[in-house]
Amino acid sequence: MPGQYTRTAMVLHWLIAVLLIGQFAFGWLLDEIPRNTPARGFWINQHKSVGLVIGILILLRIVWRLRHAPPPPLPMPAWQRRAAHASHLAMYACMVVMPLSGYLASNFSKHGIKLFNTVRLAPWGSDDKLLYAIFNQTHKVTAVVFAVLIGIHLLAVIKHTLVNHDRLLARMWNGASARS
Ligand code: HEM
Ligand code: HEM
């Protein structure tokens, strides 16, 4: 259907959205587990492993997106079109920085990554406190920036759906309304 996102674009958008929201909750809940306990090591490794899987999906999405143009924007004021474009770009940037900063931090720590607590990926970097702190801090700050962007994204979708009554949500959601 013209003006509709393709099935691949929709599957990747919704799959990654659900996984990312879960991963945010997972990350923030990690703070509840006391440091230097076996439970923390276990759950951190689960968070790292799920994060790497999401990172691979994000990479696939970006490669796919670079080869497939999205449908043209809906009619809207030029500033809104520019804001939507900028916020989508910023969200793609956060989607890269989140798993990448986590991965880099892990490799400058003696812990490395134990994939789903089974296969140990030995760190390729040195146990460097400063580099670890830089990448870890990037991970934490980007999480907040990304969460704000997602909040703005949701508000924009709600505004289009409830105020403008346009097809913005329908063209990303392959439900009955998308075919109408
Ligand atoms: C894919 C997307 C990811 C998201 C959305 C995400 C999100 C988060 C969030 C929200 C936190 C809590 C930050 C805080 O306490 O302020 C966190 C912590 C953490 N993440 Fe991720 N993460 C992702 C991927 C990864 C990956 C791939 C790794 C490592 C391979 C990783 C390693 C860590 C570690 C070690 C912490 C604990 C940091 C600490 O408490 O010092 N994350 N993550
Ligand atoms: C972690 C959560 C999410 C992220 C990271 C995210 C990211 C994105 C990105 C990057 C795009 C642009 C796609 C492109 O053209 O390449 C997009 C489009 C879209 N997203 Fe999300 N999204 C998330 C959650 C949601 C949710 C929960 C909704 C609905 C309530 C939603 C509704 C939409 C819609 C309707 C579009 C199409 C906008 C248009 O037609 O211009 N997204 N999203």
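Modeller: A term to begin with: helices (H or I, at least four residues) and strands (E, at least two) are DSSP runs, numbered from the N terminus. The model is predicted.

Colleague: Which elements each supply at least two residues of the lining of the second largest pocket?

Modeller: The second largest pocket is lined by 43 residues. Its largest share, 10 residues, comes from helix 2. The elements that each supply at least two residues are helix 1, helix 2, helix 3, helix 4 and strand 1 (113-115).

Colleague: How do the residues of that lining divide by class?

Modeller: Among the residues nearest the centre of the second largest pocket are Arg40 and Lys48, and Arg and Lys count as charged. Over the whole lining, the classes are 16 nonpolar, 16 polar and 11 charged residues.

Colleague: Which helix gives the largest share of the lining of the largest pocket?

Modeller: About 1500 Å³ of space lies in the largest pocket. Helix 1 (7-30), helix 2 (38-67), helix 3 (78-107) and helix 4 (129-164) each supply at least two of its lining residues. The largest share, 12 residues, comes from helix 3.

Colleague: How many residues of the lining of the largest pocket are nonpolar?

Modeller: The lining has 48 residues, with Tyr5, Ala84, His88, Met91 and His153 nearest the centre of the pocket. Tyr, Ala and Met count as nonpolar. In the lining of the largest pocket, five residues are charged, 10 are polar and the nonpolar ones number 33.

Technical notes: Residues numbered from 1 in each chain as written. Chains lettered and ligands numbered in written order. Predicted model: local features only at pLDDT ≥ 70, side-chain atom pairs only at ≥ 80, totals over all residues. Heavy atoms only, no water. 1 Å grid on protein atoms, 1.4 Å probe; cavity = no way out; pocket = protein on both sides within 12 Å on 5 of 7 lines; lining within 4 Å. Points joined across faces, edges and corners; volume = space filled by probe spheres on them.
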